[in-house]
Amino acid sequence: MNHLHTNKFYINGSWVQPDGTDTLDVINPETEKSIASIAMGSAKDVDNAVAAAKEAFKHFSKTTKEERLALLEKILEVYERRSDEMSQIITAELGSPISLSINAQTVVGSGHLKATIKTLKAFDFEETNSEGDLIIRDAIGVCGLITPWNWPMNQIALKVFPALAVGCTMVLKPSEVTPLNALLFAEILDEAGVPAGVFNLVNGEGAIVGSTLSNHEDVQMMSFTGSTRAGTLITKDAADTVKKVTLELGGKSPNIILPDADLTAAISRGIKHCFQNTGQSCNAPTRMLIHESQYEEAIAIAATIALETKVGSPSQKGGHIGPLASEMQFNKVQALIEIGIKEGADVLVGGLGKPEGFETGYFVKPTIFINVNNDMEIAREEVFGPVLVMIPYKNEEEAIAIANDTPYGLAAFIQAGDVEKAKSVMRSLRAGMVRINGTDIGYASPFGGYKLSGNGREGGLLGLEDFCEVKAVSYPK
Ligand code: NAD
């Protein structure tokens, strides 16, 4: 980690000195100790990065698809070679257990890159429509990319690779909570030979670096992943310059367990998925909906399975969960658990405080609330910690109504014996992704949500199209 250019920004193909002297400590969430100090950017740093990206766009937008495919292949080679380093960094700054960092956090980066390469190969930048007109997809221009801390490489990959694929240039502002993986990512792109100015990185605060990007007249598009709060602010900032804004925001995803599902398997899957990454996933199935006739049995199963969830050190291999990413996140999760208790929900397992033996670090107890109704704050607010609520439903119609009764609409999960039945329920759900019986949505499938979960879709064909402008051309034939 020591080699990273923590006190510099990557602008125009070089590691440059920041404009100001502000710094921020990067805290290891297991030890609560600083592991690095990063430079925090100013509006001037953003101006420099945008100017480099604007200049590079003149050339990079004219490169051929084959040239960009070769570049992406080269990035893949370097990324895979340096993936151990990436996993170590993510574990140190995020607290994600090393097995999760290796097998998921880092792997998703190459997974998205491979899917981008495959999609780009099949992508038509020009077609003739039924009117006989030429329809051209042009790279949209300079893009501002802002990412959160919870699945850092996933979110950077879903923006940077499609943007490169279509010929955009960009300025990335990663989360200030987990900036180190992004610094390594910049090194990887540099080593792979991404031309100067095409990819730029400026660290800093959302309200300064992020907001300057969103307001910048030379930035044509903002692609943001993070909270609905920040997504709304970015949209407002981007309005005066009529930028395109794509948003991947929060969620409070339902997991409907239909009465014919294998109850033990369904509950086990639901709990494990909800607690994965210490519950810090936008698409986590945080509201488990169970038929009232099975509620008592489900509680007994959940209690047994939840007690098997181990908390442990991020540096140890295994399927345990680690600490939350930051003190701020720890306080937020504790506050919401307290609200759940005050609202009258019962704690089945977990609750307030740190697990025994984990006094240092942002560790929390994996927690399940029962006797929850969907109006409680604990059922409506995104907790972003290992906290599950179990809600009973009377019939299928009510299950669908509860599932949709949320300001969000990112993901929904269905567990069923009869898959066709699950598919018919799926048609009534207002969510961008529906996963039946624990199956995964593929890398090249669109990722994104309805309602307050955002707009636009990342990944696959739609992910490339989002970074394009469209030009219709008529001509004498
Ligand atoms: P956050 O919104 O606080 O921060 C995300 C990024 O936005 C950071 O880089 C931050 O510096 C920046 N930012 C903050 N305020 C800004 C502003 N005014 N202008 C511009 N940039 C600003 O979110 P977080 O705490 O880092 O991440 C957690 C949130 O992200 C959760 O709500 C989670 O659901 C969401 N998330 C969504 C997805 C998805 O794809 N839908 C994926 C992962 C995380």
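**Exercise 1.** Which kind of contact joins the side chains of E55 and K58, and how far apart are the two residues in helix α1?

*Solution.* The side chains of E55 and K58 meet in a salt bridge, at 2.8 Å from N to O. A salt bridge here is a side-chain nitrogen of Lys or Arg within 4 Å of a carboxyl oxygen of Asp or Glu. Side chains of opposite charge can pair when their charged atoms come close. Helices (H or I, at least four residues) and strands (E, at least two) are DSSP runs, numbered from the N terminus.

This is a predicted model, in which local features need pLDDT of at least 70 and side-chain atom pairs count only at pLDDT 80 or more, while totals for chains, interfaces and linings use all residues. Residues are numbered from 1 along each chain as its sequence is written, and side-chain values use heavy atoms, with hydrogens and water left out.

**Exercise 2.** Classify E55 and K58 as buried, partly exposed or exposed.

*Solution.* Start with the cut-offs: buried means under 20% relative accessible area, exposed over 50%, and partly exposed in between (1.4 Å probe, protein chains only). E55 has a relative accessible area of 48%, so E55 is partly exposed. K58 has 53% relative accessibility and therefore counts as exposed.

**Exercise 3.** Find the partner of E420 and classify both residues.

*Solution.* E420 forms a salt bridge with K423, and their closest N and O atoms are 3.5 Å apart. The two residues lie three apart in helix α14 (residues 419–426), so about one helical turn separates them. With a relative accessible area of 54%, E420 is exposed. K423, at 35%, is partly exposed.

**Exercise 4.** Check the length of helix α11 (residues 327–343), then describe its buried side.

*Solution.* The expected span is 1.5 Å times one less than the number of residues. For the 17 residues of α11 this gives 24 Å, and the end C-alpha atoms are 24 Å apart, which agrees. The buried residues of α11 are Q329, F330, V333, Q334, L336, I337 and G340. They cover an arc of only 165° around the axis (taken from the directions from the helix axis to the C-beta atoms), so they are on the same side of α11. The face turned away from that buried side carries the exposed residues M328 and K342. After α11 comes G344, with a positive phi near 100°.
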